[in-house]
Amino acid sequence: MTWTRWCEGRTALICSVERGPKAMLTTLVNAGADVNKGKDNGVTPLHAAACAYPLKADKLTALVGLGADVNRADCAGWTPLHMAVKCNEVDGTRMLIAAGAIVNTMDMYGATPLDTAVGNEYVDQTLVAALKAAGATHSDGFQLPNFDDDEHSASPRVNETRRREHYRRYLML
């Protein structure tokens, strides 16, 4: 697969975060690339760096240093902190918190990064501890869609299964 084909639909900075050398970030920004410009779904280079595997800490730090907005949300309301938490990136989570990420920001479902963390059965507990140490709380407003109102609803058990499946898909955004 060629670089051009792989990068289709991504900004040059997002491609650089995912595949290029760190020096390319500075070069692109110096040439006029917007460090906060994302894809159509709002995912920015910082979102990509926060959830990259393995964590690209040098690129995350470089993006913040180049002016990336640590609290910029994508179309689902996820910030780079939500992404780092979803991807179980303890160091990325700590770096974003240190850079000023708001730990209690809510996504479109009303979930905070801490809600996202505890919804992941494989979450690293040091990640949860880092969020709590920074003042993170659970959201009172976190609501999954109510499938009981669906005209095709079957039984409460089926609807609960649908809610759980929806939540699993929601965590995999």
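1. In this predicted model, a disulfide connects Cys-51 with Cys-87, at an S to S distance of 1.5 Å. A search of the whole structure finds 1 disulfide. Cys-51 sits in the loop between helix 4 (45-50) and helix 5 (57-65), and Cys-87 in the loop between helix 6 (80-86) and helix 7 (90-98), so the bond ties together parts of the chain that are 36 residues apart in sequence.

2. The accessibility of two cysteines may be noted here. Cys-87 has a relative accessibility of 24% and therefore counts as partly exposed, the range for that class lying between 20% and 50%. Cys-75, with 58% relative accessibility, counts as exposed.

3. As to the overall architecture, the protein chain contains 10 helices and 0 strands. Its pattern along the sequence is accordingly written α-α-α-α-α-α-α-α-α-α.

4. How are helix 7 and helix 9 oriented to each other? Their axes come within 9 Å and cross at roughly 10 degrees, helix 9 comprising residues 125-133. Because angles under 35 degrees count as roughly parallel, helix 7 and helix 9 are roughly parallel to each other. Helix 7 contributes Val-90, Thr-93, Arg-94 and Ile-97 to the contact, and helix 9 contributes Thr-126, Leu-127, Ala-130 and Leu-131. By residue class, the contact of helix 7 with helix 9 holds 5 nonpolar, 2 polar and 1 charged.

5. On the side of helix 2, Ala-12, Leu-13, Ser-16 and Val-17 take part, and they meet Met-24, Leu-25, Leu-28 and Val-29 of helix 3. The residues of the contact of helix 2 with helix 3 comprise 7 nonpolar, 1 polar and no charged.

6. Some totals for the protein chain complete the description. Of its 173 residues, 43% are buried. Among the contacts with a separation of 6 or more, 63% involve residues 24 or more positions apart. The accessible surface of the protein chain is about 9300 Å², and carbon and sulfur atoms account for 52% of that surface.

Conventions: Residues are numbered from 1 along each chain as its sequence is written. This is a predicted model: local features need pLDDT of at least 70, side-chain atom pairs count only at pLDDT 80 or more; totals for chains, interfaces and linings use all residues. Side-chain values use heavy atoms; hydrogens and water are left out. A disulfide is a pair of cysteine sulfur atoms within 2.5 Å. Helices (H or I, at least four residues) and strands (E, at least two) are DSSP runs, numbered from the N terminus. Buried means under 20% relative accessible area, exposed over 50%, partly exposed in between (1.4 Å probe, protein chains only). Axes are lines fitted to C-alpha atoms, for helices over the stretch in contact, and angles run from 0 to 180 degrees between N-to-C directions. Angles under 35 degrees count as roughly parallel, over 145 as roughly antiparallel, 65 to 115 as roughly perpendicular and the rest as oblique. Contact means heavy atoms within 4.5 Å. Ala, Val, Leu, Ile, Met, Phe, Trp, Tyr, Cys and Pro count as nonpolar, Asp, Glu, Lys and Arg as charged, and the others, Gly among them, as polar. Accessible areas come from the Shrake-Rupley method with a 1.4 Å probe; for residues, only the protein chains shown count as cover.
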